[in-house]
Structure formats: structure tokens, C-alpha cells
Amino acid sequence: RRVTLPSGASSQPFGISLKRARFFAHFPPTSRPSWTGVPQKGPFRRQLVSAGTHLSSQRTPQALNEMRASPVVLQNLLTRAAVASSTTTRTSSAMRRLLHAHAAIGRQLIGAECAHASSSDGGRLPAAELEHEKNVANHRTERKQPAADERSSWTTRATPDFGALPLYYTQHRKMSSSAAAAKQGLVALEEARRFMVECLVKSKTPLSHAKQQADLLLEADYRGHFSHGMNRLEMYINDLHKNACNGEAEPTILNETPATAWVDGNNGLGAVVGNFCMDLAIKKAKEVGVGWVCAKRSNHYGIAGWYTLRAMNAGCIGMSMTNTSPLASPTRSKEAALGTNPISVGAPGKDGDGFVLDMATTAVAVGKIEMQRRKNEPIPLGWAQGPDGHPTTDASVAFDTACLMPLGGTELTSGYKGYGLGAMVEVFCGVLAGANYATKIRKWTHAGADSEADLGQCFVAINPACFAPGFDGRLSDLTGILRNMPMTDPNHPVLVAGDPERNHMAQVDKEGGLAYHVNQIKTCTELSERLGVKPIEVK
């Protein structure tokens, strides 16, 4: 049906005025078309009103780019609405309404953009670009409605038509430019290591343990994972000063077979426990082919890839997993029950090549949100939920809510797969090791924790020499096949797991140091004053 938003109507259930939320409030009445396929009530209307409020407040030419990408924004909003609607309506009906709303949004945006381009204060788009946008709109309008059993795949194929650029690419460009502007000088690798070691030694940690922890954090920054490097130092320091973690503790073996071991981390530093466990797994793999070690009573162990790299350097395939404080909501929940629960798999190739997968089972690690919050920048839609259970782009809201979305996002976009992977990690770590798991794990913040974490962790080493000969050659052949596949964009070559990190390390070597954000340097300065260590030197 055809619905026109009333000009002065008030919507108390939504908490805002519909007049204020009208999508095209700043366009001439003659060019303000009515909506098609938009319901008058329910979650669809609420999400559209919310999006309209944001977009209608933008009156500058800069907003035009956002409006051009806005079908993608609204598609995400409508996807969430479809999930909510499907709980009370048949899925086919919900999807039909979703598709109709998508088409309506595309038509209205193109008309509005043309009107804005021809207005005296709005600037003018190039004729070719306007013609392209009209053609895209006409293509959407003429598309035939698919059969019921084809709608899901049709929706997936249609997604690229809803805007020139996905929201994810737009926000990525904004983040990169802002971050570059905010960077202040460089910090030499050895200087960063010196600072971290001294801070840890001043925090009840033996020098040998401080070096292990600092090496882990430095490797994270060197590989480009700034969320898990220096950014984590203050949290470790706070834990040590609160005695929530014991910097002097040494791991002990509770039970052992030729191929397995159960370890008690004795509440020691994560890097100390992790190094001990992976070295033990490697030793067993060299002796019997496979080593599988689980640890309880550990702490945050940094990037999971640190431990698989350790196995790779010994000529083994490595796997590493850990549970974490609850930060991720199970599919269909609006409260966190699982951690980011990362998985890493590393396999050595020839001449220094290799495969190094290091991923959270949530859409991102919580540290990525911390970095955006530190830089006062938004996060992409789909990273985290707000307190209402819906995705948010506000980094502060996401950080305070502490409810990440599983890998894949919502149920409609297969988020249940990421949820399943996170639960699998919990089985191998918390459950198998007899550690805390899920909501039994205490919360962890920058202020530190008041109780022991008792994290569960899993370390696996596999000796490829026990299987088909020539493993490293075949692995390098595989990575070569993948890297040489035809590119969709000549400026963005196909990568394999580990390539982005290798590129970042090469860039750091070329520049001669780590480019920390100015806010990170400020935190380090405050930490040096608090602990009485030499401030970090910036080139």
C-alpha cells in the first residue's frame, strides 16, 4: 500500500516527532514522493523513523554521499526489523515486506538526490553520475518478484544494488584518514619493549615474566593488532596491583600422557602460561605426532596467533584458543554470555611463507571497539549491540553495553555460525580444562578485576612430518593459488591469512617504528608518572 508520513503527526510510542523524522523534510514539496511498501506500525516503521531522523538532519553537500550509501544503512535496519517481525509473522510475509521496503527506499532516494542536486544550495552532481543512479533505480523497479522458494537467495544477490558503496567501505575510509591525522610520531620497537618491561617489573613481576608479556604485546602492535598490544598494558598493570593476577606464578602440570597435558596456570600472566603450554604441546608433537594441552586458571593471553607462530617456528602446525569474559550475545539474545573466544591456526610454508589465521568468533574483538572509542570515531554497523539489543555504530555505547555480535551478525545473516564457533571454543577451553566458562567468568575492564579470571585455554601442535611428505611445499602452492586468483579490484590483491600482518610489519620496518595514536601516548605518559618509570620516547 501507499503511505505518506503526516506532516505534523506525533508518535509517542517512538519517543520522537514524526514531523522531525520525515525523511525528505528539506526537499521541495513537489519532489517529495510518498513511501511505498512501508507499514504504518511495528518495527519497520520504528527503524525507518530513526534512520530518517538522522538523514534529514544532514543539509550539507557532504551528506549527499551518506544518502547515496543510505540504502545499505536502511537495508541493515530493515533486516533487523525483519528478524523482529518474523517472531510474530510468517517468515515469507516478513521477507515480502522487507523486499518491498527495499525497493521503495531505492526509488525515493534517487528522486531525492536528483532534487537536491538541482537545488540552488545543494550543488550539482555530474550528469553521468545522476544518469547512473537513475538506471540503477529503474533496474530495481523493473525487477520481477521472485518465487517464494527463491526469495532468500534473491535478497542476497540484490544487495549490491542498494547503493554505490557499502557502509563498511565508507566508514573504513573515514577511520583510516582520521587515524592518520591523529598519529603523532613513531616509537622504536625496542623503546616500546623497554617501556612495557619496566612497567611490568614495577608491578610485582619478575624480569623474565615481564619480558615474555612485553614480547607478546609488542608482537601484537608490530603485526598491526594495536587493540591487543600497548593498549592492553594498563589493564595488566591494574590486575597485578589488585592481586587479581599473580605476576610471579609458574604453571604446573596436573595430568599428563604422551600426547596430552592438563595444566594449572596458578593465576599467572597469560603469556607465561601460554608459552609454557604451547612449548609443552610442541615437545609432545615432536615425540608422538600430536600435542594437546589445556590450561585452567590462566589470564588474558593476548593475540592467539602468538602461540601458533611459536609452533610454526618449530616446524609444526599450531592451534590456539581461549575463552574470555562474557562480551558476546548468543543469537536471539540481547545479553552477553560468551567471550570473543578467538581461534588461531598457523601452518608453515616454504621460505618463510605460511598460513596464520587469527580471528575472534565475534564480529570483531572488543579491543577494536576500544580503539575506535579512544579515537572518538564510530564503529561499523554489525560490530556490537546497544542496550536495546539492536546494532549500534556508537563506539561508547557499544563499549558500555559490552555486547558484541557474533561473527556473521544477526540470525538473518548467519550469525548463529559465529555463535556456534564461540561455543565450540568454550567446550575446548573452559569446559575441557575445568576453568570458568560463559557467564561464570568475571567481567574485565581497564580498571582491572577484583577476582581471579580462571580462564580456560587450549594449545595444539601437530607434526606434519607424521603425515604426507612435502607439507610445506603444498601449503605454499595453496597460498600461491589463492593469491593469484583474478582480482575484483587491481588495487586490492587477494590475500591469505597472515598477509595483512606481514604487510604491516614491512611498513613498520620501512618507517622505523610504531605509529601509536596520540591518545595511546597520553595513556603511556600517565602510566609512567604513576609507576615512576622513564616516559616512552617518541621520535
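1. The buried residues of helix H17 pack against helices H8 (189-201), H9 (207-222) and H16 (471-483), contact meaning heavy atoms within 4.5 Å. Asp499, Glu501, Met505 and Val508 are the buried residues in H17; buried means under 20% relative accessible area, exposed over 50%, and partly exposed in between (1.4 Å probe, protein chains only). Helices (H or I, at least four residues) and strands (E, at least two) are DSSP runs numbered from the N terminus.

2. This is a predicted model, in which local features need pLDDT of at least 70 and side-chain atom pairs count only at pLDDT 80 or more, while totals for chains, interfaces and linings use all residues. Residues are numbered from 1 along each chain as its sequence is written, and side-chain values use heavy atoms, with hydrogens and water left out.

3. The count of disulfides (cysteine sulfur atoms within 2.5 Å) is 0. Cysteine 199 is in none; the nearest cysteine sulfur, that of cysteine 524, lies 7.4 Å away. The sulfur of cysteine 277 is too far from its closest counterpart, in cysteine 294, for a bond, at 8.6 Å.

4. There are 6 aromatic pairs, defined by ring centres within 6.5 Å for Phe, Tyr and Trp (its six-membered ring), with planes under 30 degrees apart stacked, over 60 edge-to-face and the rest tilted. The centres of tryptophan 292 and phenylalanine 428 are 5.5 Å apart and their planes at 65°, so this pair is edge-to-face. Tryptophan 292 belongs to strand E7 (residues 290-298) and phenylalanine 428 to helix H15 (residues 415-433), 136 residues apart.
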